[in-house]
Amino acid sequence: MPIRKMKESSEQHLVIKTHIQNSANPVQKAPKTAQNGKGPPTPEPQNPKTQNQTSPPTKNRGRRRGRGGRKSDQGDVFMRPSSRHCTVAHIPASPILAGGGPLVTTTNGSLENGGNLCAMEMGFPTSSKSLSFAPRPGYGQAGIKCVVKANHFFAELPDKDLNHYDVSITPEVTSRVVNRAIMAELVRLYRESDLGMRLPAYDGRKSLYTAGELPFVWKEFNIKLSDEEERIDGRKREREYKVVIKFVARANMYHLSQFLAGKCADAPQEALQILDIVLRELSAKRYCPIGRSFFSPNIRTPQRLGEGLESWCGFYQSIRPTQMGLSLNVDMASAAFIEPLPVIEFVAQLLGKDVLSRTLSDADRVKIKKALRGVKVEVTHRGSVRRKYRVAGLTSQPTRELVFPVDENSTMKSVIEYFQEMYGFTIQHGHLPCLQVGGNQKKANYLPMEACKIVEGQRYTKRLNEKQITALLKVTCQRPRDRENDILQTVQQNAYDQDPYANEFGIKISEKLASVEARILPAPWLKYHETGKEKNCLPQVGQWNMMNKKMINGMPVSRWACINFSRSVQESVARGFCSELGQMCQVSGMEFNPEPVIPIYNARPEQVEKALKHVYHASMNKTKGKELELLLAILPDNNGSLYGDIKRICETDLGLISQCCLTKHVFKISKQYLANVSLKINVKMGGRNTVLLDAISCRIPLVSDIPTIIFGADVTHPENGEDTSPSIAAVVASQDWPEVTKYAGLVCAQPHRQELIQDLYKTWQDPVRGTVSGGMIRDLLVSFRKATGQKPLRIIFYRDGVSEGQFYQVLLYELDAIRKACASLEPNYQPPVTFIIVQKRHHTRLFANNHRDRSSVDKSGNILPGTVVDTKICHPTEFDFYLCSHAGIQGTSRPAHYHVLWDENNFTPDGIQSLTNNLCYTYARCTRSVSVVPPVYYAHLAAFRARFYMGPDLQENGSIGHAGKGTRTAGESGVRPLPALKENVKRVMFYC
């Protein structure tokens, strides 16, 4: 991944960290009333200072990581103190650093720690080796203990030496399939002689692995491989390859065993990679390998998805280091493949019409070209010779009109004549275009569609349409019990005990799912408004409802308008719907004016901008210049780009908060739907729906004691096939303390597929002010100060969407950006940071130990919400845990994986696990606990929303708009900035 170095700043900050004396804030046991569900815990006044001094230190800490921000002597606007109803703990200033080393400042003002903390330069730090992730401080104890099963299978470590050899093949081959065929032939010919009876595992590229040494250090082999596709005079054509095998290194299995035992911190990646390749070798020969998964039409009958696609079932497999030792993670998988149909049949399915009797329109031609470009086809007109080609395009003329030169004298011959004379093949459908195949642009290669069939086993990587997604989900959606059985069946069918490669390398795989100790964390009490019948609520199995409750901070909506883009919705129906929605908002605790500012305005979707501006100006005239607070929009069910256009115009041009409703909901008018919409409207107006009772009672460890800001960050990348669109980064941050419920969000465009968030902190030169600091972290810290009157003294940063291979660079780069953003606000301002990676795209699944025990599962048969696992299947030494915070609806629940990479706040396992679980009950858009912590969910929503800001006409090559005040840019990256969000939009949860 390219790593862009930030411009060196001319600002120099001496970053001094001070230690907060709160190294162990154990989760406090709630009074019994909270456990038995009969009533909420009664708020107890606390003195956090006393609590911190008397709490026992956590066992197994290994090192102290706590640091805090020292109070400033300067009268900076950012720092002015303010009173709040939670007592702020006293912070003694003692400069103790992570790792305990002496403080060293670099010439550019960044921090080093006597050589044992990461050297963070004013850009991307040069070395990742100096950084070590937070060690596990112990294990959680909170919650009700239970046992769950995980789709991890214990793997016995081999006691043999593993050797790595380099493979070079000439002439060079790009196809892994051909490389594997060459190596398979080499092993067949020379295993018993030159290879000394070794059975090597091969990665399909440059690496070969053996258990024990080969009889040579370097050797050259000549291998002949016959080409199935090409024949000369009926004989298969042979190609000769030179294969050189050269010894590289011996993998250290002792290092791996020490790592698994928790005696050393860094994973020996090569040893793990070898074992992974060994266990994949047999499956790679049997099935179609894609990434870490294997697919086959024989595992289960493929299901048609429509438009020439079908779903193949398969399985995912990966070797992982865990506390129980090596573990093989196996999960079921499904993917869309192109159906191996005759091309004419594929085209008929794609277009959904008969193509044999009709000519194709230009639109049809474009759709076919798009679908077939890059697809492999094989010819069917040459008997047993099934030569394969890759489709490059489609001819603009029909086959009957196509001619091409057959010799150097430019003698022309028609395609129809050529196929008749050369192969005795009569072309029936001359009105259809030909496929252009091969990569040679100068020499056209034409193949009639009727002489081609799509080659089996090609994964479809482009975007699926709604119908195809629904069909694929039907196939993949399995109840937990069925998924567990399929996983067990897959492991048995793979028969690792009979796998010659596993046996050669001495790897033994258990056929039993791992039994893991888990705990079910209690749901938190939620606080609603005092005027409602139910002032407090304890969710049951991850859900609750708004009956008899009022929002804790319901906002007034006095000036609103409605615009109707749906032809099928009459004005009376729209009026009735708006009236019902207003009443629901009123019942839920908002003040909602029953009358709109102007009558409901009907408009056509293609005139969206004109209509929005008309309603905006007409409303302003009516209210004598007062801003419209809310715009309701009724949309057709299939509305194309209309939704995105409304959001873009409202949020970046007019500064309007909007709520869109589909036609089907307007006609149906269900109470549940209206209640959910009212929740969204309230937070968009700046209100709060509910808060954690423990938050307002100041009882959340390491959040309630001092002003704490919680960030969520995510980067969304363009879909496959989009090569130039920028990636979108979004960062949200809590704007209230101690409630931590409201989140402001910022978005920016950055280079295509760039995972590091470029705009967390930035500096630029201003002709008048000189060097100016900015960026998303800095802006959100300032807005927290304005909203709460407090400066954040603790930062908790949840980061989504990072794969394990990117942990180091994301932590180095983004932690450094957080440091600089803080230091730019005031010298020595360095609140302690806890940096947590959140992963949903993993393959660990947790199953109930007994599916028949109704008390241990929810309605869908999944494990109960609040189930947390931090033993056995987790990392041997690092601070991670799996948390299933939500109740399943359908299919098998996927727990979120939280990995605490950096922890200067000294969270106990119970502290961070309970905080994360409790936050999952504060998601604004529904009365359910959600599967990932809300700040991350909000960041994802904000990033998704920002895709619409790029504008319909410019989405391929960047984004629209001009840099202005508040615009999130991507610095010198060359990516066009997104249009700026209006100030009033930025302040609220517009993305909900």
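**A charged pair and its helix**

Arg648 and Asp645 are buried, where buried means under 20% relative accessible area, exposed over 50% and partly exposed in between, with a 1.4 Å probe and protein chains only. The model is a predicted one, in which local features need pLDDT of at least 70 and side-chain atom pairs count only at pLDDT 80 or more, while totals for chains, interfaces and linings use all residues. Residues are numbered from 1 along each chain as its sequence is written, and side-chain values use heavy atoms, with hydrogens and water left out.

Arg648 and Asp645 are joined by a salt bridge with 3.2 Å between the closest N and O atoms; the term stands for a side-chain nitrogen of Lys or Arg within 4 Å of a carboxyl oxygen of Asp or Glu. The two residues belong to helix H14 (residues 642–654) and sit three residues apart, about one turn of the helix. Helices (H or I, at least four residues) and strands (E, at least two) are DSSP runs, numbered from the N terminus. Side chains of opposite charge can pair when their charged atoms come close.

Two packed helices are described by the angle between their axes and the distance between the axes. The axes of helix H13 (residues 608–622) and H14 come within 10 Å and cross at roughly 45°. H13 is therefore oblique to H14. Axes here are lines fitted to C-alpha atoms, for helices over the stretch in contact, and angles run from 0 to 180 degrees between N-to-C directions. Angles under 35 degrees count as roughly parallel, over 145 as roughly antiparallel, 65 to 115 as roughly perpendicular, and the rest as oblique.

The crossing of H13 past H14 is right-handed. A crossing has that hand if the near helix is turned clockwise from the far one by less than a right angle, and is left-handed if anticlockwise. From H13, the contact takes in Val608, Glu609, Leu612, Lys613 and Tyr616; from H14, it takes in Leu642, Asp645, Ile646, Ile649, Cys650, Asp653 and Leu654. Contact means heavy atoms within 4.5 Å.

**Other charged pairs**

Across the whole structure, a search finds 43 salt bridges. One of them joins Glu185 and Arg188, at 2.9 Å from N to O. These residues are three apart in helix H3 (residues 176–190), which means that about one helical turn separates them. Glu185 is buried at a relative accessible area of 18%, whereas Arg188 is exposed at 59%.

Arg519 pairs with Asp910, with 3.6 Å between the closest N and O atoms. This pair links distant parts of the chain, 391 residues apart: Arg519 is in strand S23 (residues 514–520) and Asp910 in helix H20 (residues 909–919). Both Arg519 and Asp910 are buried. A network of salt bridges links Asp161, Glu213 and Arg250.

**Other helices**

Helix H6 (residues 343–351) and helix H7 (residues 362–372) pack with their axes 11 Å apart, at an angle of about 120°. That angle makes H6 oblique to H7. H6, too, passes its partner H7 in a right-handed crossing. The residues in contact are Val343, Phe346, Val347, Leu350 and Leu351 of H6, with Asp364, Lys367, Ile368, Ala371 and Leu372 of H7.

Helix H21 (residues 934–948) is mostly covered, with eleven of its 15 residues buried. Among them are Tyr938, Leu941, Arg945 and Arg947.

Ile487 lies in helix H10 (residues 480–494) and is buried at 0% relative accessibility. Leaving out residues up to four places away in sequence, Ile487 touches Asn151, Phe153, Val330, Asp331, Met332 and Phe847. Its C-alpha atom is 9.7 Å from that of Tyr316, 171 residues away along the chain.

**The chain as a whole**

The protein chain contains 22 helices and 43 strands. Of its 992 residues, 56% are buried. Of the contacts between residues at least 6 apart in sequence, 73% join residues at least 24 apart.
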